Amino acid sequence: MIIHRPNEMESLNRFLKKSGSGFLHVRGRRRVGKTWLLTDFAKKEKAFIFQGEEDADTKSLQKTFAELWSKYSNDKTLSFIRKDNLSWELLFEKVTSYANAQRPHKVILIFDEIQWLAKKNSGFISKIKKFWVDWEQGGNVKILICGSSNKFFSDNTG
């Protein structure tokens, strides 16, 4: 099934065309096509997309991120790191290295189901805030976060 969302896709394209780094959140009720929209956008723009899982623990999410990032970036070093030794710090350091090597080309990161990635005590929010400073200064990282929890967005985004 194809869901036609020209207005939303145009908004994403405008965000992407703006110079410098950028941060955008996409929110809406459950089952309205947010994930479809971002998946389609990721394919067209060769973006990295990572989706949280409701029942996954942080280490499992980090392992999945490492596997997907390894494929996306062709950085095979993550394949050799044990699940217990992974951290958001290490993973975002890899993202930073990749983004720096890609300048001036844009690196697009999409985090879907953010409320499940940023669970209490996961460390995700504090690390992404820390690394955002570097990514913003680099000028070539675009981040999209997506989720259906309005409470999450009101509590954690500005």
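P104 is located in the loop that connects α4 (88–102) to β3 (107–112); helices (H or I, at least four residues) and strands (E, at least two) are DSSP runs, numbered from the N terminus. A cis peptide bond, with omega of about 5 degrees, links R103 to P104. The model is predicted, so local features need pLDDT of at least 70 and side-chain atom pairs count only at pLDDT 80 or more, while totals for chains, interfaces and linings use all residues. Residues are numbered from 1 along each chain as its sequence is written, and side-chain values use heavy atoms, with hydrogens and water left out.

Most residues other than glycine have a negative phi, and most peptide bonds are trans. N74, in the loop between α3 (58–73) and α4, has a positive phi near 60 degrees. N121, in the loop between α5 (114–117) and α6 (124–138), likewise has a positive phi, of about 70 degrees. N74 is exposed at 59% relative accessibility, and N121 is exposed at 77% (buried, under 20% relative accessible area; exposed, over 50%; partly exposed, in between; 1.4 Å probe, protein chains only).

Six salt bridges were counted, each defined as a side-chain nitrogen of Lys or Arg within 4 Å of a carboxyl oxygen of Asp or Glu. In helix α2 (residues 34–45), K44 and D40 are four residues apart, about one helical turn, and their closest N and O atoms are 3.1 Å apart. D75 pairs with K94 at 3.5 Å. Because D75 lies in the loop between α3 and α4 and K94 in helix α4, this pair ties together parts that are 19 residues apart in sequence. D75 is buried at 19%, whereas K94 is partly exposed at 21%. Salt bridges with shared partners also join E89, K127 and K130 into one network.
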